[in-house]
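Have the viewer open as you follow along.

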Amino acid sequence: MKYKSNLIALLIAGTFFSASAQQQEVIVVNAAKSEGKISPTMWGVFFEDINMGADGGIYAEMVKNRSFEFLKPMMGWSVKGDKIREGDLLVLNRQDAHLANPRFLRASIKDAAKGQAGLTNEGFKGGMGIKKDLEYEFSLMYRQQNPGITLHVELVDEQNNVLGAGVLKPADVSGKWAKQEVNFRATSAAVKAKFNIWFEGNGVLDMDMISLFPADTWKGRKKGMRADMIQMLADMKPGFIRFPGGCIVEGIDLANRYQWKKTIGPIEDRQLIMNRWNVEFAHRPSPDYFQTFGLGFFEYFQLAEDIGAEPLPILNCGMACQYNTAELVPLDQLDPYIQDALDLIEFANGDASSEWGKVRVSMGHAEPFNLKYLGVGNENWGPQYIERAKAFQKAIKAKYPKINLIYSSGTDPDSERFHFLDKELRTIGADIIDEHYYRSPEWFLKNASRYDSYDRKGAKVFAGEYAAHIDGKTVGSNRNVWQAAIAEAAFMTGLERNAAVVNMASYAPLFANTEGWQWAPDLIWVDNLSVYGTPNYYIQKLFSINKGTQATSALAGGQALSGQQGLYASAVLNDLNNEVIVKMVNTNETEQTRQVAFEGIKKLATDGSLTIVKGNLRDRNTMENPSVIVPVESILKLKGKNAIIKLPANSFVMLKVKYK
Ligand code: AHR
């Protein structure tokens, strides 16, 4: 049988190649030879509040510093109008009564008409993106000290033209904190609008949580997420979503670490902290970058559910970032950290009779979130990490043996540090080991065979953060060139081929604001109104939506294709829809032609679908021209069980064929 199909392959190939070269030129995809099951979690996304990913990003709040809790309480705000005198606007502190959200603004207004006394909020990076005909919801918390002030709110463009306006007359006169909102419609659009609040009348009003949201949030949820950004994730059909990072899990010091319990419940009770990316890079200062936690753990779980991804939270393991303070919790004081992990599992999976399950239910999600994966630490290393990992492992496995625990192997996938951690983690019986690589395109090409020799038994691999970084002279979105994406594609064929070992992979970071980024390259770039996918995005998406269920052998000359003649290949079967999918990468500067010969399949369709992504190595997508590098699909006629494929110079090529 094998001989026969090889013979046919040879005959067809003969029209293209000499018989002696044939062994090298045919890629034999043998559907009967499984390389392992593809985990449903194989391709996922990594989300961190970096580059304005959450605040100023997917979290659709448009007001910057809504609760006056930034280091400088009036950052983002300016005072307007000649009826405001010294002392009329005061930031006050009620720390004793409200530790999580102590500051508020008191406005004492005398005889002001609209336009004479007010405040402007500048929005996040570069202003607020306003859409014509869209509703905006203005809300605030207030307390009437002396009733008599009416609020006139308006959005204005850079020339001060009014784009939309509303009026809110605070109703509650009890002298207690109350909430109120008003909706208004924008009649024109602007990319960089500002938000004015004018005080009219006489009175004294305390204000907090001054907020503006668009109505077109993801799934129309009130105070929800930016739909265009989330749609980009949903389109990828990710197998998992890792959150909330990244380094923000660790914090600069332990006080600055991510604490999930402080990110749930009423948003006014979620205690803001400085985002560590605020000060991380001297060359990319972001003094207005804070975490309000309006997007917290409940919303992350909900997002995972919405996009059909497994939730994958990463928790602090009692170690702050080792590039910063490296602050460490002594082992005998680690219990609260471990308890946080146990409580998180209960929050996600427990029923209403459990302490933390009850909290989730009270937030509106009666069903469990079905948490199956949990990360212990982000990029931690050293013997201290192993000691802490062991303590987490013991406690979590004792109570929740089915939760898959993910452990860090540090920052450098080739170092002594890595080998130490890898060995130790395998010794303690780690379920999954998280490897990170931000490396050159050359590294990715060379490492496409990295997992060919990994032990098939024992710990699985999570390629938890990776991106090809071209030379350091290029900055920002210029780094998302085709050269990087094609190297990642080549590497990903190696991940797919080794699905028996690699169960999860995610590019990082995910989002970046063109005017507010700290780290590049990134998968998806946004401004106030628009979003575009990088070439890297299209590669991630193609792998993810064509992940299949079974890795199958794809050999050239009896060997996995992993760089020979600049070619890389992997193949999968999708037994849910009877499809065989071959992914190939040509990193040569010239076109190459290959025959793909299918074996171990009874019958193939006569037509396949061919998807090609190609370009010059320095090509990239931009906000103005987002489709320079995008997949192009066509139909390919097969000849029996063979396909002749032209692989353009520097291309990713995917062939999908139905089988019986
Ligand atoms: O993705 C950016 C950063 O890279 C992450 O926060 C961290 O885990 C890694 O060092």
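Q: How many residues does α8 itself have, and what distance does α8 reach from its first C-alpha to its last?

A: Helix α8 covers residues 416-427, which is 12 residues. From first to last C-alpha it reaches 17 Å, close to the 16 Å expected at 1.5 Å a residue.

Q: Which residues of α8 are buried?

A: Residues count as buried when their relative accessible area is under 20%. In α8 the buried ones are F418, L421, D422 and L425. Seen down the axis of α8, these buried residues fall within an arc of 100°, so they line one face of the helix. On the other side of α8 you will find E416, K423 and T427, which are exposed.

Q: What covers the buried residues of α8?

A: The cover includes helix α7 (382-399) and the strands β18 (404-408) and β19 (432-439). As for α7, it lies across β17 (373-376) and β18, running at about 175° to β18.

Q: In what order do the strands of the eight-strand sheet come?

A: The general idea is that strands of a sheet pair through backbone hydrogen bonds, either parallel or antiparallel. Here the order is β2-β13-β16-β17-β18-β19-β20-β21, an open sheet with parallel pairing. Its edge strands are β2 (45-46) and β21 (502-507), each pairing on one side only. For a close-up, take β18 and β19, which pair in the parallel sense over three bridges. There, Y407 stands opposite I433 of β19.

Q: What order do the strands take in the three-strand sheet?

A: That open sheet runs β22-β23-β24, with mixed pairing. Both β22 (511-513) and β24 (531-533) stand at the edges with a single partner strand each, so one side of each is left without a neighbour in the sheet. From one strand to the next, the twist averages 25°. Helix α3 (residues 227-236) packs on this sheet and touches β22, β23 and β24, its direction making about 20° with that of β24. Within the sheet, β22 pairs with β23 (residues 524-526) in the parallel sense over three bridges, and F511 has I524 of β23 as its bridge partner.

Q: Where are the cis peptide bonds around here?

A: Look at the omega angle. The bond from A508 to P509 is cis, with omega near -15°, and P509 lies in the loop between β21 and β22. The bond from A520 to P521 is also cis, with omega near 10°; P521 is in the loop between β22 and β23.

Q: Which phi does N51 have, and is N51 buried or exposed?

A: N51 has a phi near 60°, a positive value in a residue other than glycine. N51 sits in the loop between β2 and β3 (77-80), and at 0% relative accessibility it counts as buried. D111, in strand β5 (residues 103-112), also has a positive phi, about 45°, although it is not a glycine.

Q: Which element has the lowest mean pLDDT?

A: Where pLDDT is low, the predicted coordinates should not be read in detail. The protein averages a pLDDT of 95, and 96% of the residues score at least 70. Helix α1 (residues 2-14) has the lowest mean among the elements, 38, while helix α11 (residues 535-545) has the highest, 99. Over residues 1-24 the pLDDT is below 50.

Conventions: Residues are numbered from 1 along each chain as its sequence is written. This is a predicted model: local features need pLDDT of at least 70, side-chain atom pairs count only at pLDDT 80 or more; totals for chains, interfaces and linings use all residues. Side-chain values use heavy atoms; hydrogens and water are left out. Helices (H or I, at least four residues) and strands (E, at least two) are DSSP runs, numbered from the N terminus. The expected span of a helix is 1.5 Å times one less than its number of residues. Buried means under 20% relative accessible area, exposed over 50%, partly exposed in between (1.4 Å probe, protein chains only). The arc is that of the directions from the helix axis to the C-beta atoms. Contact means heavy atoms within 4.5 Å. Two strands pair if DSSP finds at least two bridges between them. Axes are lines fitted to C-alpha atoms, for helices over the stretch in contact, and angles run from 0 to 180 degrees between N-to-C directions. pLDDT is the predictor's confidence in each residue, from 0 to 100.
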